[in-house]
Every structure is written in structure tokens, then in C-alpha cells.
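Subject: Structure for you to look at

Hello,

Here is the structure I said I would pass on. Please open it and keep it beside you while you read the notes below.

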Amino acid sequence: MRKETEAIHAAMETANDSVDIVPPVHRSTVYEIDSEGRAEGDWHYTRLENPNRVQWEHVLKVMEEGEAAAAFSSGVAAAAGVLQALSPGDHIIIPRDVYAGNRMLVNKLMKPWGLQADFIDMTDLTTIEEHIRADTRLIWIETPSNPMMNIMDITSISELAHANDAVACVDNTWPTPFNQLPLNLGADLVVHSTTKYFGGHSDILGGAVVTREKGPLFDKIRFNQQIGGAVPSPDDCWMLARSTRTLAYRMRGHNENAGRLARYLEDHPGITEVYYPGLESHAGHEVARKQMSGYGGMISFLVDGGRKEAIKIIGRSKLISRATSLGGVESTWEHRRSSEGPDSETPENLIRISVGLEHPDDLLEDLDQALEA
């Protein structure tokens, strides 16, 4: 089946013993044990497993074309589930321009735990190779990166990781499986903040890990999920599975609207640079064209001025909401450095916009008046 069909039917036909076309929500935290005692595979306690989470995880593995998936309560919890599957003393390589929450996770939680990490420019394969050590166990890939839209070659980096007995893990939150399939490009793991495009309406918190092969590494991730307890509720799993049924059509709209806005921004005299992989002017466009089927709904751009000018522009919007996060049907933008904190290397004049599903002409009119005022 095609992705559009899988997205609709995958959850409906898994772990659903009712005659309901749409599976019900199972809110019970406990399940009755058979009089003969508990058997392997029986429902037991909702932190360990429940029908709605099984349905949602099935959707995730089908969408990413993997063998297994583990749903978490947030994207950062999912990332922690992967990193905690390593051992204290292990070394990872991670992009310098990585999502700020994951940077803080590594620096403030995982390094004190014993993880070693190098934050580097991962657009250059030679630089990655120079930083690989005997104890390197994982290479973290985020492409396009947040917020600078750097593009990393998933296939080449995965091959390099495997040649050095390391795992390649891709944060696929921004592209989604409708624009990029990292497991088919050689990656071992995919991580998502399902809060974003999978949820799609800015009203659900969630995360996920999908693996190409079901083996010892995934067993550790599953253990971290169940025993660490950072799991989504049955209601959240139901909502995420429900929202995924429209993901293909939402992503088409995000892709089209963002492409149009990116071209407008590229031609605007008040903008000094636009970061969007769908533009031929983007440094990573050729690599993105090889590994992406669509370029997503996120754009970053530099205004002609500094921090104050960027904040003024954002403040003048009438339609685009001033907010962090991304992936909702509504458009949002922000002065990204203000959100990232003191460790940020993001330029002070950078604005990051999550392009929503409003009519593009309305978005362009709002951009025009905000930039020209």
C-alpha cells in the first residue's frame, strides 16, 4: 500500500478486537489476569503496554518502514531512550547545529552520566571521519538541521558509522517519512518529536524511536521506555494515530507553502540569506534532492539588521503567530536565539518560521507588511 493508505489503515487494523472502524481509547491502567495466571503477551499494566500504544507504534514502524517502534512521552524522552541504551564512557558524534533541547540533554544530563560527545560540522564527511574514535558508538544525524538547515548525507554517514562499528541515528522530525526515509538510506534508528508534524495541531506531546532491525539495541530502548516510564498516555497515542491519517496531505501543503514563501524571501531586499533545502541556492540542495522527496515546512532566514530588527519584524505579524515549536496547521515564527538560551550559536538576526496550511497569499501578505513596515 502507498503511504497515504497505510497512514489511514495501519492503526485501525492492529490490536482492535472491537467492530469499531476507529479503535476505541483504552484508558484502564490495569488488565485482569486469567485465572490460570499471567501468560507471555497478555496485557498487564499500561506503562508496559496497552492497545493504543501498540496501534500507534505499528503506525510509526509502517510509516518509517522499520521493524519496530517505541513511543515516548516527548521527543527529548525518545532521544534520551536512545542515548541511555549506550554505556557510560561511550562516545557519540552529534551536529554542532542540533536541536537545542537535545544539546542540553547531552551536555547537562548525559555527560554527567558518563557519555562523551563531540559537537561538530557534519556536512563534511572528512570532519566526521577525523572525530571517530575507537569508543565511538553512535553518530547522530539531524537533516535538515535546526535552525540552520544544514544538510547531511545520510547514506554516506551511515556507511562511515557502520565501517567503524557505530550506529547511525537520524532525527527525522522535520522531514517526516513522507519527505525522507532514513532507514532505507542506511540509518539504523530514526527519532521523532511526534509533537510536531505527526501531531500536526499543536495539542499533543510525544516522541518515538523506530529501528531498521529488531535486535539487542532496540531491546535496550524498549527497556528504557518501559522501566524509565516516559510513555505517552492511551489518549495521546490515539490522537497521534488519528492525526497521522491526514499527514500525507498536510505535508503536501506544508511543502508547497514553504517553497513559495522561501522563493519570496530569497528575492526580498530586506533578507540577506534564506535557508531552505528546496532552493537551488542552498549549499546542501544537491544532497537534499537525492535523499528527500519534499523539502518540508521549515524556513530560516537572516534579516538585514540585528537582534532588535528581527524581533521587531516578528512583532508586526498579524496572522503568523509568535511562538516556538513547529509542525502545526497554523504558521508560527520566532527569534530563534531567544529560545535556545546562552549556549546558542544561532545568528542574532535569524528568524525561523514554521509554515502552516493557511492560504499562501494570506501568508505572503502578512510577511510583506511585517518586513516592509
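How much area is buried between domain 1 and domain 2? The model is a predicted one, and in it about 2,900 Å² is buried between domain 1 and domain 2, with carbon and sulfur atoms giving 59% of that area. The size of an interface is often given as the accessible area lost when the parts come together.

The two domains

To find your way, note that domain 1 covers 3-242 and domain 2 covers 247-372. Their C-alpha centres lie 26 Å apart. Across the boundary, 30 residues of domain 1 are in contact with 40 residues of domain 2.

Two salt bridges are counted between domain 1 and domain 2, along with 14 residue pairs in polar contact. On the side of domain 1 that touches domain 2, the largest share comes from helix 4 (residues 100-113), which gives three residues. There is also a salt bridge between Glu4 and Arg252, whose closest N and O atoms are 2.3 Å apart.

In soluble globular proteins, nonpolar side chains tend to be buried together. Here the largest nonpolar core has 32 residues, and the members that touch the most others are Trp56, Leu60, Met63, Phe178 and Phe198. Several elements give two or more residues to this core, including helix 2 (51-64), strand 1 (68-72), helix 8 (234-244) and helix 9 (247-266). Helix 2 gives the largest share, five residues. Both domains take part: the core draws at least three residues from each of domain 1 and domain 2.

Beyond its neighbours within four places in sequence, Phe178 is in contact with Lys3, Glu4, Ala7, Met63, Leu247, Ala248, Met251 and Ser293.

Backbone points to check

Most residues other than glycine have a negative phi, and most peptide bonds are trans. A few places in this model depart from that pattern, and they are listed here.

- The peptide bond from Thr143 to Pro144 is cis, with omega near -5°. Pro144 sits in the loop between strand 4 (136-142) and helix 6 (154-163).
- Asn146 and Pro147 are also joined by a cis peptide bond, with omega about 10°. Pro147 is in the loop between strand 4 and helix 6.
- Glu65 is not a glycine, yet its phi is positive, about 60°. Its place is the loop between helix 2 and strand 1, and Glu65 is partly exposed, at a relative accessible area of 38%.
- Asp165 is not a glycine either, and its phi is positive at about 55°. Asp165 lies in the loop between helix 6 and strand 5 (167-171).

Is Asp165 buried or exposed? Asp165 counts as exposed because its relative accessibility is 67%, and the cut-off for exposed is over 50%.

Regards

Note on methods:
Residues numbered from 1 in each chain as written. Predicted model: local features only at pLDDT ≥ 70, side-chain atom pairs only at ≥ 80, totals over all residues. Heavy atoms only, no water. Core = buried A, V, L, I, M, F, W, Y, C linked by side-chain atoms within 4.5 Å. Buried < 20%, exposed > 50% of the residue type's maximum accessible area, 1.4 Å probe, protein only. Helix = DSSP H or I, 4+ residues; strand = E, 2+ residues; numbered from the N terminus. Domains from an automatic or database assignment. Contact = heavy atoms within 4.5 Å. Buried area = accessible area lost by both parts, 1.4 Å probe. Salt bridge = Lys/Arg side-chain N within 4 Å of Asp/Glu carboxyl O. Polar contact = N/O pair within 3.5 Å; in protein donor to acceptor, adjacent residues only side chain to side chain.
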